[in-house]
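This report describes the surroundings of two ligands. Please look at the sequence and structure first.

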Amino acid sequence: MLMERLSERLSLVTRVVTDPSVTAGYCTDFTGRWRGSTPLVALPGDTAEVAEVMRICAGEGVPVVPQGGNTGLVGGGVPMGGEVVLSLRRLTGLGPVDAAALQVTAGAGVVLASLQRHVRAAGLDFGVDFAARDAATVGGMVATNAGGERVLRYGTTRANVIGVEAVLADGSVISRLGGLPKDNTGFELPFTGSEGVLGIITAARLRLVPLLERRATALLGLPDVPAALAALAVLRPLDSLEMAEFFLPEGLRLVRGHTGLPSPTREEHAVYLLVECAASRDPEPELHAVLESLPAAEIVIAADAADRHRLWRYREAHTEAINSRGVPVKLDVALPLGELPAFLDDLPGLIGDAELYLFGHLAEGNLHVNLIGGQDPTDAVLRRVALAGGSISAEHGVGRAKSSWLHLSRSPAELAAFRAVKRALDPGCLLNPGALLP
Ligand code: FAD
Ligand code: MLT
Ligand code: ZN
């Protein structure tokens with residue numbers, strides 16, 4: 001009865017979908033690990049409609065799960081408690097590129113690849129990039145503080161956001177899209193990284209960077225992780241260094257089986273490090289000079305853009321290749337670089353008989369520990385990460401997958417402050433209940 005009334009009221013102000021064959025697509029995540037249900041999906045077309053949806057849901061006391069591209073990997077955007085899904089996908093407005101200020105305003109539903117096309121046409125770029133670029137949205141990236149492959153140069157999403165517009169649980173709108181680089185009129189409300197529990201992000205004012213089209217990419221075959229860390233230390237001083245990603249032979253074999261790609265190197269190596277430099281001048285000579293000084297067992301250099309994309313595919317196809325093997329437990333963690341070798345030595349003993357696929361963003365000590373089959377070893381792995389001074393979530397967020405372990409990375413005082421902020425902004429706990437905060 002309540003849902004019928006809600007559906008009727010929402011239909012008067014926005015687009016509503018109740019057909020289960022359509023809503024099903026909003027109820028399961030990319031990996032298939034998180035499968036929820038919803039009575040309806042609201043698809044507002046602008047901020048005013050989002051505000052109206054929230055006012056109506058708040059009036060009826062109905063909880064809401066905000067959702068963008070549904071590419072999240074911690075179950076944060078899936079309605080596991082039968083909540084209404086508020087999809088931001090129709091908020092696809094893109095403002096003019098301000099080349100002088102290096103800024104643009106993007107609607108929450110703008111997909112990363114569309115944002116890239118828009119700003120690249122103006123000779124600029126967005127500093128965040130990752131494999132889900134064709135589906136992940138600006139709202140989802142801000143809500144998760146997405147990281148990706150260029151963090152070593154441009155930081156995470158947080159460093160690339162100047163301000164956001166958001167709808168609060170009661171339907172009020174907060175808008176900080178003016179783009180003033182200097183504006184010390186109080187503190188920032190913490191929407192970046194809030195995973196949909198504090199407000200619905202409807203737009204963001206984004207910082208842009210110069211478009212660097214001269215690129216040099218190399219794949220290094222190395223004997224072990226300490227050798228990869230040593231190579232990283234030598235490469236790090238290059239101001240053109242943009243990416244340093246690693247993967248292992250088990251993952252490479254899976255990717256090759258999934259994609260049909262040939263081996264990228266003559267021989268198999270214990271560790272593969274994929275590095276890319278980008279600059280307005282050709283960065284190849286400086287990359288070559290550094291690579292020559294490295295004791296890498298094998299180095300493959302991309303000959304052209306197509307070759308570069310081929311090398312990237314070995315790294316970026318890991319997620320889909322792992323999915324094709326089974327439903328994975330995905331543990332995205334970060335450790336201080338000096339702790340990586342000891343952690344990796346201990347890892348096999350922590351995961352029991354699960355199949356392990358490991359890859360990630362080496363410069364941030366960000367490991368993607370993917371496990372298939374066996375007992376779920378989340379608790380043992382996350383405790384070991386915390387013991388080493390690491391983070392239980394490097395870039396994917398906490399979502400529903402890791403909320404029970406948040407205390408390993410955050411102190412009681414921090415958790416109390418989080419709860420106080422949540423209570424202040426969402427006293428009825430209507431926004432994404434069960435996500436992020438245990
Ligand atoms: P969703 O999955 O829809 O939602 C994610 C979270 O944000 C949920 O908690 C949801 O409630 C909340 N949310 C979404 N939109 C809003 C909004 N407008 N307002 C408030 N809350 C909202 N992540 C990385 O950080 N780095 C990577 O390298 C990376 N690579 C990936 C590669 C693949 C192949 C895949 C499938 C995923 C990858 N991800 C990566 C994870 C994912 O793409 C990011 O977390 C992304 O930011 C999620 O965006 P989305 O629009 O799909 O959000
Ligand atoms: C990546 O770096 O490719 C992602 O974060 C996705 C994943 O962890 O599977
Ligand atoms: Zn990643």
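## Polar contacts of ligand 2

In the side chain of Arg315, an N or O atom lies 2.6 Å from an oxygen atom of ligand 2. His368 places a polar side-chain atom 3.0 Å from an oxygen atom of ligand 2, and an N or O atom in the side chain of Glu395 is also 3.0 Å from an oxygen atom of the ligand. A polar contact here is a pair of N or O atoms within 3.5 Å; within protein, one must be able to donate a hydrogen and the other to accept it, and residues adjacent in sequence count only if both atoms are side-chain atoms.

## Basis of the model

This is a predicted model, in which local features need pLDDT of at least 70 and side-chain atom pairs count only at pLDDT 80 or more, while totals for chains, interfaces and linings use all residues. Residues are numbered from 1 along each chain as its sequence is written, chains are lettered from A and ligands numbered from 1 in the order in which they are written, and side-chain values use heavy atoms, with hydrogens and water left out.

## The zinc ion

His361 (NE2), His368 (NE2) and Glu395 (OE) coordinate the zinc ion (ligand 3) at 1.9 to 2.1 Å. Along the chain, these donors follow the spacing H-x6-H-x26-E. Donors are N, O and S atoms within 2.8 Å of the metal (3.2 Å for Na, K and Ca); water is not among the atoms, so sites may look incomplete.

His368 is buried at a relative accessible area of 5%, and Glu395 is buried at 11%. Buried means under 20% relative accessible area, exposed over 50%, and partly exposed in between (1.4 Å probe, protein chains only).
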